[in-house]
Amino acid sequence: TGVPDVRLNVTATARCTGVLSSLGAAPRDVLPAGMSAATGLVSFTLNNCSKTGLTAKVTLSLPAAVPAGAKLLKITQNAKGQKEAVEIPSAVIVGNTVSYAITDGGPLDEDGALNGAIVDPVVVAAPTAAPLQSVSNIPVNQPLALLLASGLIGWIIVRFQRRRASG
């Protein structure tokens with residue numbers, strides 16, 4: 001499917017009996033300008049946890065080093081109900097791992113409720129490569145010099161060919 005393999009490791013401060021995770025396509029239309037998805041959309045849910053307000057440490061392990069300038073983005077809905085990507089500034093990116101903490105009912109918990117469950121969809125986004133610059137014409141400021149140089153090259157070629165033919 002073109003989505004890189006991502007290993008998810010979640011360590012929680014409470015016992016949770018329900019853990020669901022999935023990896024899917026990242027929504028391109030919500031990524032910031034100049035960024036593209038380095039991973040698919042990584043989603044997980046911790047359910048039926050033994051206490052509310054628990055904190056989970058999340059580590060994503062990627063198959064290759066995370067590109068320089070990459071950011072972890074939370075995919076969420078804004079007040080208008082539209083999807084948006086919000087940077088998780090506390091995320092630590094080292095080599096091929098991305099780590100962060102999320103708390104039940106906290107700002108990164110998608111359901112926003114203090115209910116013993118954590119819902120979290122994220123994507124690692126990296127700067128896109130700079131577009132190739134288009135080729136432009138080289139201006140010729142001295143057309144007479146260009147004409148003389150072309151004539152000189154032509155004269156040398158004719159002279160060389162005459163010499164070869166006579167000798």
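A salt bridge is taken here as a side-chain nitrogen of Lys or Arg within 4 Å of a carboxyl oxygen of Asp or Glu. The structure is a predicted model, in which local features need pLDDT of at least 70 and side-chain atom pairs count only at pLDDT 80 or more, while totals for chains, interfaces and linings use all residues. Residues are numbered from 1 along each chain as its sequence is written, and side-chain values use heavy atoms, with hydrogens and water left out.

The chain contains 1 helix and 10 strands (DSSP runs numbered from the N terminus; helices are H or I of at least four residues, strands E of at least two). Their order along the sequence is β-β-β-β-β-β-β-β-β-β-α. Of the 167 residues, 31% are buried (buried, under 20% relative accessible area; exposed, over 50%; partly exposed, in between; 1.4 Å probe, protein chains only). Contacts are heavy atoms within 4.5 Å; among those between residues at least 6 apart in sequence, 68% join residues at least 24 apart. The accessible surface amounts to about 10800 Å², with 56% belonging to carbon and sulfur atoms (Shrake-Rupley method, 1.4 Å probe; for residues, only the protein chains shown count as cover).

The whole structure holds 3 salt bridges. K74, E110 and D120 are linked in a network of such pairs. D120 and K74 pair with their closest N and O atoms 2.6 Å apart. Because D120 lies in strand 10 and K74 in strand 6, this pair ties together parts that are 46 residues apart in sequence. Both residues are buried, D120 with a relative accessible area of 0% and K74 with 4%. The side chains of E110 and K74 meet at 4.0 Å, N to O. This pair links distant parts of the chain, 36 residues apart, with E110 in the loop between strand 9 (97-103) and strand 10. E110 is partly exposed at 30%.

The side chain of D120 also makes a polar contact with that of Y100 (2.2 Å); such a contact is a pair of N or O atoms within 3.5 Å, where within protein one must be able to donate a hydrogen and the other to accept it, and residues adjacent in sequence count only if both atoms are side-chain atoms. Leaving aside residues up to four places away in sequence, D120 touches V42, S43, F44, K74, Y100, I102 and L108.

A salt bridge also joins the side chains of K71 and E87 (3.8 Å, N to O). K71 lies in strand 6 (residues 71-77) and E87 in strand 7 (residues 83-87), so parts 16 residues apart in sequence are tied together. K71 is partly exposed at 34%, as is E87 at 39%.
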